[in-house]
Amino acid sequence: MATNQWKKAAALLSAGAMATSLFAVPMTVQAEEEPITINFSFDQGVGEPTQQIVDAYNESQDAVRVETVILPQDANTVHDDFVNKLASGDTSVDVMGLDVTYVSEFGSAGWLADLTDLVDPSLTEGMLTGPVEGATVDGKLVAMPWFTNSSVLFYRSDVLEELGAEVPTTWEGWLELADKAVGVNGVEYGADFQAAQSEAMVCNWLEYVWGNGGDVLDEDGNPIVNSENNVEATEIMKKLVDEYAPEGVTTYTETESEQVFKEGKCLFIRDWSGFWTSGQDEGSKVTGKIAATKLPVGPSGTESHTCLGGLDLVINNNIDDEHKEAAADFISYMASPETQKEMTLISSQPPVVESVYTDAEILEAIPFYEEFVDIIATGKSRPLSPQYAKVSDAIQRNIHQALTGEVEVADALETLQAELEELN
């Protein structure tokens, strides 16, 4: 989040209110003559608000001292830095802010401490189901959900009002509406999303699959991507590419798709929750005309599922027990409802604690969360594979070829199936 957004959100808090709620979280580590120092590493994308919370933790007790190690805002750089440290037995970092997509990889390698006996199990009881499931590897909680994110279907409320239309819940309904919307209030295209060969496209494609009753891996981790449900889901995505989206959509990531929607040219856009704010910034032609709903369900599906993002807090399994206990106290503090609320107010990052979404102060600051809580509640994690990076690469290449028409959809999924089977 940009610095000005942090400052704007932070203005919603009084220093006294923040101190009262943050410092009220109890310490479980006994104070000693010298505090135990732990190092907390995360990327600068969440740097400013996180540092505020860390400072508050340090001031709230004298048993543990948290020092921050801030890395560049680049997922690959952060991933590689953590891999190099953990694989070599390095103990210079105790706690890490880890992208949710890598929890399975790191947990399966034995690099993450098992939190089952280190934290109070009640901490996760009030959390959204998806983030907790994504933090669990082989039945063990190896990560503490910190904050999350998910996609949303944003649409032009003014266009639906002009047409006297209800909000559809299926892809069939949205396509019928899109046929009527072209030419209304500047709309040129029915659909807008991210279909470049990228991780963003993987998230988009998974949502079509999940919403059509399909999946990538079965319960035993075996690939099932060439199913009839998945072929049908991918055909729907390709139909949107060919007939409803801007011509360049197969080169779009978030930035390009957002710009087209802000120009008022699209009926709807699939994007991350933060677009609720950024889509209505100064210069946007759709300010005050954006509404949000769940992603559509496919013809063979029963429920839509949004793709989850976000960061988890993990403990380096190489450190000694004393530092693990101190680290566990810190991440418990970070995951508490009180701290989750404060982090949300100063950063607008979606919390993992469900009750925060219905808090009166939160809803006054972020009214969108009243609708968003039902959307994110059905969120799912990307395939929980220890080789997720290779799984993602295979999906990106094969699905992008299907969307651009280089390969037939069914053939692309057969190739993808074979590649994933080789990874097993």
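**Pocket, cavities and a buried strand residue**

User: Which helices each supply at least two residues of the lining of the second largest pocket, and which of them gives the largest share?

Analyst: In this predicted model, helices α6 (129-134) and α18 (409-423) each supply at least two residues of the lining of the second largest pocket. The largest share of that lining amounts to three residues. The helix that provides this share is α6.

User: What is the volume of the second largest pocket, and which residues lie nearest its centre?

Analyst: The second largest pocket has a volume of about 620 Å³. Its lining divides into ten nonpolar, eight polar and seven charged residues. Of the 25 lining residues, those nearest the centre are Leu-217, Asp-218, Pro-383, Leu-384 and Ser-385.

User: Which elements each supply at least two residues of the lining of the largest cavity?

Analyst: About 130 Å³ of space lies in the largest cavity. Val-100, Thr-101, Gly-134, Ser-381 and Arg-382 are the closest to its centre among the 16 residues that line it. The elements that each supply at least two lining residues are α6, β6 (144-156) and β9.

User: Which helix gives the most to the lining of the second largest cavity?

Analyst: The second largest cavity has a volume of about 60 Å³. Its lining includes Trp-171, Asn-204 and Arg-270. With three residues, the helix that gives the most is α9 (residues 199-211).

User: Is Ile-315 buried or exposed?

Analyst: Ile-315 lies in strand β9 (residues 308-315). Because its relative accessible area is 0%, Ile-315 is buried.

Definitions and conventions
Residues are numbered from 1 along each chain as its sequence is written. This is a predicted model: local features need pLDDT of at least 70, side-chain atom pairs count only at pLDDT 80 or more; totals for chains, interfaces and linings use all residues. Side-chain values use heavy atoms; hydrogens and water are left out. Helices (H or I, at least four residues) and strands (E, at least two) are DSSP runs, numbered from the N terminus. Buried means under 20% relative accessible area, exposed over 50%, partly exposed in between (1.4 Å probe, protein chains only). On a 1 Å grid over the protein atoms alone, a cavity is a set of points where a 1.4 Å probe fits but cannot get out, and a pocket is an open set with protein on both sides within 12 Å along at least five of seven lines; lining residues have an atom within 4 Å of a point. Grid points are joined across faces, edges and corners, and a volume is the space filled by probe spheres set on the points. Ala, Val, Leu, Ile, Met, Phe, Trp, Tyr, Cys and Pro count as nonpolar, Asp, Glu, Lys and Arg as charged, and the others, Gly among them, as polar.
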